[in-house]
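Visitor: Please show me the model, and then let us discuss how its parts meet.

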Amino acid sequence: GFSWAASPACTELETVMMDWLGKMLKLPEAFLAGQVGEGGGVIQGSASEATLMALLAARTKVVRRLQAASPGLTQGAIMEKLVAYSSDQAHSSVERAGLIGGVKLKAIPSDGKFAMRASALQEVLEKDKAEGLIPFFLVATLGTTSCCSFDNLLEVGPICNEENMWLHIDAAYAGSSFICPEFRHLLNGVEFADSFNFNPHKWLLVNFDCSAMWVKKRTDLIGAFKLDPLYLKHSHQDSGLITDYRHWQLPLGRRFRSLKMWFVFRMYGVKGLQAYIRKHVQLAREFECLVHQDPRFEICAEVTLGLVCFRLKGSNKLNEDLLERINSAKKIHLVPCHLRDKFVLRFAICSRSVELTHVQRSWEHIRQLTTDLLRAQRD
């Protein structure tokens with residue numbers, strides 16, 4: 001495993017790569033390590049790990065704050081009152097972080113566009129505070145797994161700041177698109193966040209695993225986990241100038257993941273990466289247009305990036321049967337989801353080498369299987 005003492009070069013490259021990537025996304029200065037910043041980035045294995053790290057850091061922070069104010073309070077007394085929040089569309093890994101962190105997690109009902117809004121959040125917060133609970137952590141999702149919806153950061157961000165809640169942004173899939181100026185507005189409100197995460201291994205051509213996480217105050221993250229037994233001590237550690245990433249993550253050992261980022265960035269350049277994202281978004285729009293041209297189908301959620309949610313007009317059973325036929329034919333593979341009470345098919349553009357002809361052929365294939373299915377049902 002690498003710690004700074006074992007490998008200053010690996011640590012240095014990771015810090016620099018995370019600053020490079022942060023600048024590509026036009027992240028606020030506060031999240032960058034720079035020369036003197038209090039923030040900085042770290043490469044985690046997955047978005048699940050990043051969410052858990054943020055939740056544990058937030059938990060430690062609130063426990064310390066409340067104990068400083070009332071020294072009689074035990075950690076247990078605080079823990080049983082803590083509540084974390086996310087949208088009802090958030091990934092299951094958020095729920096898992098709550099379970100591992102031993103705190104209640106509540107789902108905020110999303111609006112008609114599957115987004116978390118201020119009004120619904122405010123309502124739950126007022127109720128919880130009236131019952132003596134302590135709201136301390138919120139996950140806002142930018143690009144949900146089911147339908148790529150975006151929680152309203154500009155609405156929920158200020159509420160988190162007012163309520164002294166840690167705001168963690170999970171943009172696991174969508175985050176890669178923010179390197180394009182035309183999609184950067186989707187990240188507006190990130191300035192309210194305490195931590196932000198996305199996965200370059202999902203849509204930025206970096207091999208798995210590589211999950212990029214930034215924090216505004218790295219001491220919050222380090223403070224939650226810093227243990228220094230003699231066998232891990234080294235002479236530089238108390239200067240405060242040395243980044244020791246083992247304190248920023250769950251495992252102590254770590255891989256040299258920043259090297260593969262460096263290769264991708266040098267090989268493609270920002271323009272090459274932007275072109276790659278734009279092509280995928282364009283192909284998703286092409287697929288959406290094809291779906292619109294067939295009156296048997298409907299689009300189920302706004303198409304923003306590379307995901308199209310669609311279904312055959314009719315029962316859930318009908319769509320389950322269609323999916324069964326599509327995936328059994330083994331030409332393409334679709335993963336479904338539930339949006340409210342509807343069973344929905346998801347067409348995701350995610351292959352490095354995908355072209356328009358692939359998209360057109362996929363759609364023809366889907367239409368043919370649909371025709372067969374409807375004929376079989378009539379007979």
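Guide: A polar contact is a pair of N or O atoms within 3.5 Å; within protein, one must be able to donate a hydrogen and the other to accept it, and residues adjacent in sequence count only if both atoms are side-chain atoms. This is a predicted model, in which local features need pLDDT of at least 70 and side-chain atom pairs count only at pLDDT 80 or more, while totals for chains, interfaces and linings use all residues. Residues are numbered from 1 along each chain as its sequence is written, and side-chain values use heavy atoms, with hydrogens and water left out.

Visitor: How many residue pairs are in polar contact between domain 1 and domain 2?
Guide: Domain 1 spans 4–255 and domain 2 spans 270–377, with bounds that come from an automatic or database domain assignment. With both residues at pLDDT 80 or more, the count of pairs in polar contact between the two domains is nine.

Visitor: Which residues of domain 1 lose the most area to domain 2?
Guide: Buried area is the accessible area (1.4 Å probe) that two parts lose on being put together, summed over both. Domain 1 and domain 2 bury about 2000 Å² between them, 68% of it on carbon and sulfur atoms. On the side of domain 1, 30% of what is buried comes from three residues together: Phe114, Trp203 and Leu205.

Visitor: How many salt bridges does the rule find across the interface of domain 1 and domain 2?
Guide: A salt bridge is a side-chain nitrogen of Lys or Arg within 4 Å of a carboxyl oxygen of Asp or Glu. Across this interface the rule finds three.

Visitor: Why does the salt bridge of Asp220 and Lys61 tie together parts that are apart in sequence?
Guide: The side chains of Asp220 and Lys61 meet at 3.0 Å, N to O. Helices are DSSP runs (H or I, at least four residues), numbered from the N terminus. Because Asp220 lies in helix H8 (residues 218–225) and Lys61 in helix H2 (residues 47–69), the pair joins parts whose separation in sequence is 159 residues.

Visitor: Is Asp294 buried or exposed?
Guide: Buried means under 20% relative accessible area, exposed over 50%, and partly exposed in between (1.4 Å probe, protein chains only). Asp294 forms a salt bridge with Arg296 (2.9 Å, N to O), and Arg296 is partly exposed at 25%. Asp294 has a relative accessible area of 4%, and therefore counts as buried.

Key
Helix = DSSP H or I, 4+ residues; strand = E, 2+ residues; numbered from the N terminus.
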